[in-house]
Amino acid sequence: MTREHGMSGFDGSSEDELSVTPPKTWAAGVPAVAHALEYSLSQTSPRRTMLTLLNVNQAKGIDCPGCAWPEPGPKQRHLNEYCENGAKHINDEATTRRITADFFREHPVSELAGRTDQWLNHQGRLTEPVVKRPGSDHYEPIGWDAAFDLLATELKALDSPDEALFYTSGRLNNEAAFLLQLFARAFGTNNLPDCSNMCHESSGSAMQETLGVGKGTVSLDDIHRADLVFVVGQNPGTNHPRMLSALEETKRNGGQVVAVNPLPEAGLFRFKNPQKARGVIGRGTAIADQFLQIRPGGDLALFKALNLLLLQAEDAAPGTVLDHDYIRENTSGFAEFAAQARELSWEQVHAATGLTREEIEQVRDRVLASKSVIVCWAMGLTQQKHGVPTIREVVNFLLLRGNFGKPGAGACPVRGHSNVQGDRTMGVWERMPQSFLDALEREFGFTPPAEHGLDSVDSIRAMLDGRAKFFLGVAGNFVRAAPDSELTERAMRRCRLTAHISTKLNRSHTVCGETALILPTLGRSDRDVQAGGEQFITVEDSMSAVHASRGRLEPASDALLSEVAIIGRLARRTLGANPAIPWEEFEADYGTIRDRISRVVPDFEDFNARVAEPGGFALPNPVNSGEFRTATGKAMFTTNDFEMLTAPPGHLLLQSLRSHDQWNTIPYAPNDRYRGIHNARRVVLVNPEDLAELGFADRAEVDLVSVWHDGVERRARDFRVVGYPTTRGSAAAYYPETNVLVPLDSVADISNTPTSKGIVVRLEPAGA
């Protein structure tokens, strides 16, 4: 394995040889605390580390810029209300390392393009705006006014507003997200692709159709009170570790947990809560009462099988299994659903899931013994070809026994990025309903475009085709988050101008349009002082609670602007006084933005007053009051045809995933200690029996080649195979390194989400 592919330490040093240890059977505990502090102190001072950690996720503190898992009520919060990854992420942002103009003079873009994601991230905070001009291989400093003039000139020179793309990731706060969509629509386009397009769009599509709302229906208290919680297609021990504290509470209250995943994940077996004595000196808490090690893509068949078993149990004991009153009063389509459900064969179920009938019947028995059930899921479901039908089938499952609108029950899509849900609530979506656009028109006096815009995948197509020429990325790392990496990079390089509003350097900054800008911004942990005084921002968590966040650190540079200021100044420079939107007033006092939000966004009345309360406020969910904004006015049972993923002989089904030392596209270190992988990221985990059958030795050097009908070879080079207890016929490897294998056209039906959890690949000897 070549050394440029990774690094061993927190300082970005060269990678050592891959080492493998047995996978862990428990998560967190004292090692999590030690690793969090080790990384934090490698980035910043002890004082700054303590300042961030004592304020993160507190009622008057900093909302963690990592995952979107909710906090307990203000009086129930621990002094250390964060997880290992949250501690790493906030101190990664709070780093005292700085990138100045000297850095860009020393490092041409062509050199930076060859660096790893980890190396780029470890260079520190960006401190001043820079530009790469046409024909140049270097970024150079540019003043803010000149930068805004350059951007505005380019926008006004477009033949159509629809040649511009305005992308955001979930790190953006509510106030800036509202201004971003307002600016884009006042400019004349709905091209607002976002990271949701690539992760939970399948959840929104399925739930909007069946329940009338695209958000989860449960609260943190519901998780605690549930009789049975399904954790499907997710790894909370790495991606949202504070969920394990909630599941620990479920177990201590007598509830049970069923885990469904192709890989055994340590956090779903046992959790040692480092905030409690039993997690430090005891064995901790066993989490999963039953683990279903399912084949990738088998979740649709699993829930169809459970639904069939529930119907058959009702046949055997009429009136005792299904909630007929709930079905009659609140749903439509039951008869059609039931008729199709009975067509399922157990041969189909076994082929798709790899599970036995007895295993699934055990789950049915747990369901029958439970009065309240929650199904939680993440990208293991959403990034499948049939992700939308799978989630519709989950909704069918919950409807059968009336598991909506009562304590401890409901649907819980677990979003993995802070405020990704809030951005969508604020209007960052290419297909916002007409009612939202009408509210914008009433409030601001212009007519927003009605034609739907481009999502993330279609934005890449538009750049490739020359239909999009201007790309503005607000937070995030679009190039590394997107599928089909080589094609995505080719698309970005076709733009006339690319610009990124960022806190730190990433791969997207090295994939430049003809002209490229990096606009440095305040981080979540930085104090934000404007003309109207010190400001706070707001976010919405994964369970629809809205609360404030206040930075505590001095900004990394006097030259930084907030995201609100950058968007507002660009809008003012581009649009002038038409329409008459008070951008300067918004920049001076974010409360004035919240006043406008309260009149545009449903359920945000008295926004400023409500968010001033400790812990903020929870948005109502109409599903829980029996209101379903669907085509029928009721919750909709759906019919979903049986589908399964298959790979031809000699091939495997690959899913991409995060390592434990990673947040989204940012690796902190090349380790995945829960899975026993150390000092390497270019590894592929394969069942030992499959390795033997395919003729590869453990630790063999291989290339991964994806198979797609367009005939284009997509190859991820220089990986090591590691024997691992995955399901037979499947494999797993880290992203973003394997995004190159996901064809742009391989997307989920309906939602257009890239299918990163079901890629057909073959292994070839490296360099063959």
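This section describes selected local features of a predicted model, from helix packing and cavities to backbone geometry and cysteine pairing.

Helix H17, formed by residues 346-353, contributes Trp346, Val349, Ala352 and Thr353 to the buried part of the structure. These four residues lie on the same side of H17, because they cover an arc of only 130 degrees around the axis. The elements that cover the buried residues of H17 include helix H14 (299-316) and helix H18 (357-368). Just after H17, the backbone at glycine 354 adopts a positive phi of about 75 degrees.

Eight cavities of 30 Å³ or more are present in the structure. The volume of the second largest cavity is about 190 Å³. Its lining comprises 18 residues, of which Asn173, Gly523, Arg524, Asp528 and Ile537 are the closest to the centre of the cavity. By residue class, the lining of this second largest cavity consists of five nonpolar, seven polar and six charged residues.

Most peptide bonds are trans, and most residues other than glycine have a negative phi. Against this background, the bond from asparagine 578 to proline 579 is cis, with omega near 5 degrees. Proline 579 belongs to the loop that links helix H26 (563-575) and helix H27 (583-588). A cis peptide bond is likewise found from tyrosine 735 to proline 736, where omega is near 15 degrees. In this case the proline, residue 736, is located in the loop between strand E32 (730-734) and strand E33 (759-765).

Positive phi values in residues other than glycine include those of serine 544, near 65 degrees, and arginine 699, near 75 degrees. Serine 544 is placed in the loop between strand E21 (537-540) and strand E22 (545-549), and with a relative accessible area of 5% serine 544 is buried. Arginine 699 occupies the loop between helix H30 (688-694) and strand E30 (701-706). Arginine 699 is partly exposed, at 32% relative accessibility.

Cysteine pairing was considered across the whole structure, and the search finds zero disulfides. A disulfide would require the two sulfur atoms to be within 2.5 Å. Both residues are buried, cysteine 64 with a relative accessibility of 6% and cysteine 83 with one of 13%.

Glycine 476 is partly exposed, with 34% relative accessibility. When residues up to four places away in sequence are not counted, glycine 476 touches Ser169 and Asn506. Tryptophan 377 is 99 residues apart from glycine 476 along the chain, and the C-alpha atoms of these two residues are separated by 23 Å.

Definitions and conventions:
Residues numbered from 1 in each chain as written. Predicted model: local features only at pLDDT ≥ 70, side-chain atom pairs only at ≥ 80, totals over all residues. Heavy atoms only, no water. Buried < 20%, exposed > 50% of the residue type's maximum accessible area, 1.4 Å probe, protein only. Helix = DSSP H or I, 4+ residues; strand = E, 2+ residues; numbered from the N terminus. Arc of directions from axis to C-beta. Contact = heavy atoms within 4.5 Å. 1 Å grid on protein atoms, 1.4 Å probe; cavity = no way out; pocket = protein on both sides within 12 Å on 5 of 7 lines; lining within 4 Å. Points joined across faces, edges and corners; volume = space filled by probe spheres on them. Nonpolar A, V, L, I, M, F, W, Y, C, P; charged D, E, K, R; others polar.
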